[in-house]
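Reader: Could you walk me through a few features of this model? I would like to know how each one is defined before looking at the case itself.

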Amino acid sequence: MTHPTLDPCTPAFRDAVHPGINAREDGARGEGAWRSPTAGEGWRWRRPNGPAAAIALAALVSLIALLPLGFVAWIAVQTGWDTVAALVFRPRVGKLLVNTLLLELATLPPAIILAVALAWLTERSDLPGARLWAWLAVAPLAVPAFVHSYAWITVAPGLHGLSGATLVSVLAYFPFLYVPVAAQMRRLDPAMEDVAASLGLGPWEVFLRVVLPQLRLPICGGALLVGLHLLAEYGLYVMIQFDTFTTAIVDQFQSAYNGPAANMLAGVLVLCCLALLGAETAVRGNERYARVGSGAARLPDRRRLGNATLPALLVPALTAALSLGVPLVTLGRWLLIGGAAVWGPAVLGAIGQTALLALAGAALTTLAALPMAWLSVRAPGRLQRIMEACHYHVGALPGVVVALALVTITVRVALPLYQTVATVLLAYGLLFLPRALVGLRGSIAQAPVELERAAMSLGRTPFQAVRQTTLRLAAPGAAASMAMVALGIANELTATLMLAPNGTRTLATEFWSFTAELDYAGAAPYAVLMVLASLPLTFLLHAQSKRGAGR
């Protein structure tokens, strides 16, 4: 007897899906790997939820994701406390710590204020052209941070130090705050604001006491993303001539070829990342923000700006001019200066190598994240949550730490893999694993588990059931995840510079080599192509944020 075709659209398959299917439901209740002890017995191991093969693959990826942290600890132990103390407790490290703290304190508050102001103007006021300004507030994400600095040092060659780093960082990274804050503002129920106003509170008091507290989570999340980018960024601060841990690590690596000093600086940088994560957790708190009660939140009435319309228009207009106008005008100017000569065969070669690395890295990263994404949705448990945390933590580590870890491991343990494509792809997988996992998890969650159970009741193995039902339905989400990973790889600079084989030419590395020689006209085509490649991601982010609010 042949089985019906496993197509969710066929009548035979729909008829097979009914509530009485006798299918396994291991993991459906979200039980963990450990069971609470009852009276008279201790802890007893329970078999983890989910197929053994999926658990084994997810565990393998989790162990690989722990390599950078393990590398930092291993190097510290091997180096010895005396050497560690000598390398860490010195004036140079103290200066870098001060620079890092000043950069975070100088960048985050204005970025938060700017993002909240833009979000309110575009989502809660009658600002003319609000949709256009909302898109322009997201569009700077399409311009890599080091391209922002390239544009600004062209316009203002004397822009250096903390002031220059702060200005360019705010303009490059404020969209990471604007996107979640604007999305949250779309979902806020204005009834609470109406109640506060009826109690005699003025507009500013309503905003500060009602609206702003409800924005704590998106502000904290966006500030964490910005703070981690500030710790990890390399190209921006090299051009602005502002020393950070990342610039110092790369300089030390290039001069001393992976000396102990670079490894210890990487350890301090990891501690800075952990401190930032802890600070975000403490500030975020555990308050409840969910709306309780029946009914649905109505759309808010847009506040009339009245006489303040013209000054309010200056905020998004000036922001767009500085964050988009300066880079685009600068790129156009250098393209005109360079003429047709800058569009040589080298540009086509860089496009080809970038595309190959991006597609290969995106495919491998998505495949690596697939077992964990399926387990987190279909078979949640304590062990699965631990492995999922291992998948996510590597996304908080700067690329220079991941690259330095892989350099040390390949040189000391697997020398034939040093400066090979395999090592570069592994670095991409570690850096962008969280991107793939988030997209896959959401798309798998939208595929009904009953289809898998129906497939197994028709004689398919668990793997066949997942492949023929869930993966088919999750394919659009997986494609979107691959696109996000591929775009991240196309703009990645630090790990590619440290790990790529000799002769590798990507858009980012070619742009960097031309700017290092002060050939800004020669670098312009590569910057333009990176911006054009990133535009679809910004459009996707903007569309998804609106779709999540039901707009």
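Predicted model: local features only at pLDDT ≥ 70, side-chain atom pairs only at ≥ 80, totals over all residues.

Reader: Which residues touch the most other members of the largest nonpolar core?

Author: A nonpolar core is a set of buried Ala, Val, Leu, Ile, Met, Phe, Trp, Tyr and Cys residues joined through side-chain atoms within 4.5 Å. Buried means under 20% relative accessible area, exposed over 50%, and partly exposed in between (1.4 Å probe, protein chains only). Here the largest core has 152 residues, and Tyr150, Tyr178, Leu375 and Phe511 touch the most other members. Helix α20 (residues 421-445) supplies the largest share of this core, twelve residues. Helices are DSSP runs (H or I, at least four residues), numbered from the N terminus.

Reader: What is Tyr178 in contact with, leaving aside neighbours within four places in sequence?

Author: Contact means heavy atoms within 4.5 Å. On that basis the partners of Tyr178 are Ala115, Leu118, Ala119, Thr122, Glu123, Ala134, Ala137 and Val138.

Reader: How many residues line the second largest pocket, and which lie nearest its centre?

Author: On a 1 Å grid over the protein atoms alone, a pocket is an open set of points where a 1.4 Å probe fits, with protein on both sides within 12 Å along at least five of seven lines; lining residues have an atom within 4 Å of a point. This pocket is lined by 25 residues, with Leu57, Leu367, Ala368, Leu370 and Pro371 nearest its centre. Helix α17 gives the most to the lining, eight residues.

Reader: How many disulfides are there?

Author: A disulfide is a covalent bond between the sulfur atoms of two cysteines. The test is a pair of cysteine sulfur atoms within 2.5 Å, and a search of the whole structure finds zero. For Cys272, the nearest cysteine sulfur, that of Cys273, is 7.0 Å away.

Reader: Is Thr538 buried or exposed?

Author: Thr538 is buried, because its relative accessibility is 2%. Thr538 sits in helix α26 (residues 520-548) and is in contact with Val138, Ala139, Leu141 and Ala142, leaving aside neighbours within four places in sequence. The C-alpha atoms of Thr538 and Val143 are separated by 9.9 Å, though these residues are 395 apart along the chain.

Conventions:
Residues numbered from 1 in each chain as written. Heavy atoms only, no water. Helix = DSSP H or I, 4+ residues; strand = E, 2+ residues; numbered from the N terminus.
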